[in-house]
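Reader: I have a two-part question about reading structures. How do I read an interface, and then a sheet with a helix beside it?

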Amino acid sequence: MASRIKGEAALPWLSQHALISGISPYVLAVAVILYTTGLIKLTNADASMVNIPMLYLLAVQGIAFFLGSRAAVLASFAAFLTFDWYFVTPINNFQINDPFEFIALLVFLVTAIIIGQLTALFQTRAEEARRREIAATALSQATWTVASEIDTNQGLLKILKYLVVIDAFEKAAVIVRDEEESFSVWASFPPEKDSKSIDHKAAEYAFTQSRRVDDNTHWQKALAIASDKTDLYLPIMSEDETLAVLYVELHERRSLSEEDRQVLSAMVNHLAVVIQRDRLVRAQAYSRALAEADKLKTALLQMVSHDFRSPLSSIKGSVSCLFEEDGTALDKETKHSLLQGIEAEADRLNKLVGNILDLSRLESGTWKPLREVTPIDELVSATLDSFNADENKRIEVKLDPELKFVWVDSVQMVQVLRNLVENALKYSDQNTVVELKTVHRADADILEVLDQGHGLPKNNEEKIFEPFFRAPEHRESAKPGVGMGLAVSRGLVEAHGGQLKAYNRELHGAIFRVSLPPPPKDLVLVEGS
Amino acid sequence: MKSGTKILVIDDEPQIRRAIRVGLEKFDYKVLLATTGEEGLDLAALESPDVVILDLAMPGIDGFEVCRQLREWSQVPIIVLSVRDSEESKVRALEMGADDYVIKPFGMRELEARIKAVTRRTRGEQAPEQSNFSCEGLVIDYVKRMVSIDGKEVHLTPKEYDLLKYMATHADRVLTHGQLLTKVWGPEFVQDHHTLRVHVANLRNKVEKQPERPRFIHTETRVGYRLRTSEAVPSPS
């Protein structure tokens, strides 16, 4: 009630209406009374004396309803005077001869004031109830948003939207400080990219001092904000830290009611919860990534100790044998096989380093495939090129004539195929065939490598794609690790939006299947003119 | 023929220089060593080697710059030593005038095969304009613009013929996509890799017995193509 009398906040809704918002309600009230008087005169309603106070009371009630209590008081007096002037004998004179008439006029005045006040009070109560309902709805919606909205940006936007529903608020935005110490809008409603109306100094003050900049603060004056527009900057706090600043632009010619303030502080708390949760989620993701990286590092160290040291020790061993050649007189064949071993181990180390580099690049997500329309022949021939003549004899190529081009990063896809073919050659018998097959399907382009080896370890079909995995039967064997190659291959295929899966064949052997999404429709795949 | 072939090795790593020297001297090459780009350029001017083996990553003047300066006055074949995964730098070196590249780490057999190929090519270019190209059943008659495989004539479109001819006259040399497109189609088509790929695929279907195991036209992934006159030495991936 206090605020209703104190400020303009309690102005009933009609006075806010654009059409008449420029006109003072008092002038309007007097005008209505004069209009009523004119109407009475014109229609000769004053033929019966009883009509006059009734019509005036109706006018006062209307004024009270639409223009508020103070306008109604003024209207009551205006009606009293015009009544006296125009209709009480002597007419056109304020003089009253009949004391009964004087009493009647006074009773009329008191009745008008009381009716006016009651109507205005009713109207204010109704208005208050309406606003309370809006505020309650907005708050409950915001609470629901906090509880249900997972996406932070959406959550902030929705809360701001519910805040702006309340009459007093025109615009709202959440302002954050970025790494370069400058302030920018995170979310705003109505959504807008530029933040012209936001005063960065005020935002900075609210953020760094954790204090509100509102309608009472000297900041408003210091910042010389236009008198008909009031902006608020409220710090959004977690327990001991300012997370962001809520900026609110107030509706023209409105100041804050107690209720508005309560809603505002509830909304600030809701925003704080959303932002705080966002931080926690990020922190969790970060620590998960760290844990993942840590796991990788541990696995890498284990691998370095095994997969790096064993070729190194065989190189070292072979070299020392060759050094002692004079004493022990190695025959030519032994010498040759030692040297061959050294070369093979060096190649293996080189491949291992390449795989580690690829894997770390894939894990960090920095690598993007450089896709081009590539003839399948080119892909296959580049793959086969890296195998020697004996190995090539074991490789059988079956190309689907329907599949002429694929949309891939040729360098990386060749590496995938090399890894798969090499793997197949290594884990199947010397006299068996390894197939390299392509299939064109409507939903995917398939590249397959099929072998006739021992197949995949049972129940470990997926495990073989984990970095550093070795099937138990190969764990301590002399065969170099395969885990890296397959993990890298899968990573490369997935970066293409495709899938790499492994299956056991019905009889014996394994299938490694690369399925690539079909190239986009608008890509030119026609054969050249 | 081979003995007395002078090879200049420019690399800042002493271990690599030593390995290359020992390895090539076994094949009767005369090997000159330079530790920096500047020294390499001086030696090249002084000794006029038959082949230059050039490391790309060197302090001071790097391999690209050496390549560029060398090409201002010399046509000596250049083989670049490059690390894996740097197709861009391979293309750059080739387009600055290098003839071939070998990926580090490399085997001596592979390096020797590349040296042989580039020296053969140089000799071919120095010989008077040849009227045909012939290699293992593939015959190109430049005068009649006719191509045949094992005596059977193959019909090529004019562009396919131009492409094959350009590769044959630059046999055993890596030709980048850009070089082929500029020379066969024209400089305005330099970016049109897809056209080139389609033509090469069609050409392979016509001249190769097994297009997926090409005998002649080899793909240097994301770099370009090479027409091989001798069997390939598989390179470690």
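Author: Start with the contact count. In this predicted model, 40 residues of chain A are in contact with 29 residues of chain B.

Reader: How much area do chain A and chain B bury between them?

Author: The general idea comes first. Interface size is often quoted as the accessible area lost when the parts come together. Here chain A and chain B bury about 2700 Å² between them. Carbon and sulfur atoms account for 46% of that area.

Reader: Which three residues of chain A supply more of its buried area than any other three?

Author: They are A:E378, A:D385 and A:V411. Together they supply 20% of the area that chain A buries against chain B.

Reader: How many salt bridges cross the interface of chain A and chain B?

Author: Look for a Lys or Arg side-chain nitrogen within 4 Å of an Asp or Glu carboxyl oxygen. The rule finds 5 across this interface. One links B:R228 to A:D385, with the closest N and O atoms 3.9 Å apart. A:D385 also belongs to the trio that leads in buried area on chain A.

Reader: And how many residue pairs are in polar contact there?

Author: The count is 8, with both residues of each pair at pLDDT 80 or more.

Reader: Which elements of chain A give two or more residues to the side that touches chain B?

Author: Helices α12 (332-363), α13 (376-385) and α15 (410-426) of chain A do. So do strands β5 (372-375) and β6 (395-398) of chain A. By class, that side of chain A has 16 nonpolar, 11 polar and 13 charged residues.

Reader: Now the sheet. In what order do the strands of the open sheet in chain B run?

Author: The order is β10-β12-β11 in chain B, with antiparallel pairing. β10 (175-176) and β11 (217-220) of chain B are edge strands. Each has a single partner strand, so one side of each lacks a neighbour in the sheet. β10(B) pairs with β12 (residues 224-227) of chain B over 2 bridges. B:L175 has B:Y225 as its bridge partner in β12(B).

Reader: Is helix α7 of chain B mostly covered or mostly uncovered?

Author: Count its buried residues. Helix α7 (residues 177-185) of chain B is mostly covered, with 7 of its 9 residues buried. Among them are B:L180, B:L181, B:V184 and B:W185.

Reader: What do the buried residues of α7(B) pack against?

Author: They pack against helices α4 (87-95), α6 (158-169) and α8 (193-207) of chain B. Strands β10 and β12 of chain B are also partners. Just after α7(B), check the backbone: B:G186 takes a positive phi of about 125 degrees.

Notes. Residues are numbered from 1 along each chain as its sequence is written. Chains are lettered from A and ligands numbered from 1 in the order in which they are written. This is a predicted model: local features need pLDDT of at least 70, side-chain atom pairs count only at pLDDT 80 or more; totals for chains, interfaces and linings use all residues. Side-chain values use heavy atoms; hydrogens and water are left out. Two strands pair if DSSP finds at least two bridges between them. Helices (H or I, at least four residues) and strands (E, at least two) are DSSP runs, numbered from the N terminus. Buried means under 20% relative accessible area, exposed over 50%, partly exposed in between (1.4 Å probe, protein chains only). Contact means heavy atoms within 4.5 Å. Buried area is the accessible area (1.4 Å probe) that two parts lose on being put together, summed over both. A polar contact is a pair of N or O atoms within 3.5 Å; within protein, one must be able to donate a hydrogen and the other to accept it, and residues adjacent in sequence count only if both atoms are side-chain atoms. Ala, Val, Leu, Ile, Met, Phe, Trp, Tyr, Cys and Pro count as nonpolar, Asp, Glu, Lys and Arg as charged, and the others, Gly among them, as polar.
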